[in-house]
Amino acid sequence: MNQALARPAVVSRLSDLIGCTPLFELCRTETGSRLLLKLEMFNPTGTAKIRMARRMILDAEERGALRPGGRIVESTSGNTGLGLAVIAAERGYTFTAVVDHHACTDKLRAMKALGTELVYVADDGTEELATAAREELAAELARGQANTVFTEQHNNPSNGVGYHPVAHELHQALDGRIDTLIGAVGTGGALCGTARELRTLVPGCRTVGVEPKGSIAFGGPAHDYYQSGTGTPEGAEIGALVDFDLIDEGVKVGDVEAFATARAVARATGLLIGGSAGGVVHEALARLPTAPPGATMVALVNDGGEKYLDTVFNDDWMHARALLDRGLEREVDEALTKLRRI
């Protein structure tokens, strides 16, 4: 491996372990087309978002907005907060995360363990996603405060820049042979940041964006959804980093399909992926049989499933919300089993 992209053997900061995540071949067709998963859960905190969390803080320091002893404020459903919590701890900052009860409990507990101050936008225990209200409160908490930055991940250009290394990792690992990049669309940073840089390296690569049914980035109708850390709920603005010129096709995957896929992947491979990653893999599996012979499709798996053991992988939680579909899980399981035997 090119040393520029290799992790050092010994590090003194946890953030030095960011990047160089592995590729896992989930399956392939009889014509040699294959689906590879970019396993971003191998980053510290088990998520891709620590990449952009570090970049946002480094850039804030470079422009003088954040100085020693400063405070970071962000609205988060969990993964961005985990990344910022690590960077804040390393660099001696205070971090305040504005959250709602839609976030996975384990993410909230982990942020608190890392020294984060949690501020809930609502105290009634509702599971509703409150992105717009969180953003407003985070901005208010930071407004007028000395040496304090609201990193504002949905509209921060550094978010997208933080994912440029993903493109270089893919290009190097696959010798430029990438036909389709498919990933979730939330802030837009991960997919569009990767796609922007990848187009300079592999101009013919096609980009497919996936959002939950109920999200509004690719149109309505809007309704509640349970996939965490992705999509644009009703009432929230589509992030400035969602660049439709970089997304060749946008699709929607429902919670039932996303979660059934995540559960089936776990049983077929032993790999735990997050709920929204299940949506990405569901769409990728649907496309793989019609891919050109020898094509390579890369799905961005932005976090692992360990944070969802009480939700996506909990039968009682799934059943209580009418999300459990055993038949669909068996269908995905059978399709995976067949493709993995080829």
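Let's start at Thr80, which sits in helix H2, spanning residues 79-91; helices here are DSSP runs of H or I with at least four residues, strands are runs of E with at least two, and both are numbered from the N terminus. The model is predicted, so local features need pLDDT of at least 70 and side-chain atom pairs count only at pLDDT 80 or more, while totals for chains, interfaces and linings use all residues. Residues are numbered from 1 along each chain as its sequence is written, and side-chain values use heavy atoms, leaving out hydrogens and water.

Thr80 counts as buried because its relative accessibility is 1%, where buried means under 20% relative accessible area, exposed over 50% and partly exposed in between, with a 1.4 Å probe and protein chains only. Setting aside neighbours within four places in sequence, the residues in contact with Thr80 are Lys49, Met52, Ala53, Met56, Glu74 and Gln153; contact means heavy atoms within 4.5 Å.

Now for another threonine. Thr232 belongs to the loop between strand S8 (206-212) and strand S9 (249-253). With a relative accessible area of 3%, Thr232 is buried. Apart from neighbours within four places in sequence, Thr232 has contacts that include Gly186, Glu211, Tyr225 and Ile238.

Finally, take a look at helix H9, residues 275-287. Its 13 residues reach 19 Å from the first C-alpha to the last, close to the expected 18 Å at 1.5 Å a residue, where the expected span is 1.5 Å times one less than the number of residues. H9 is mostly covered, with 11 of its 13 residues buried; among them are Gly275, Val280, Glu283 and Arg287.
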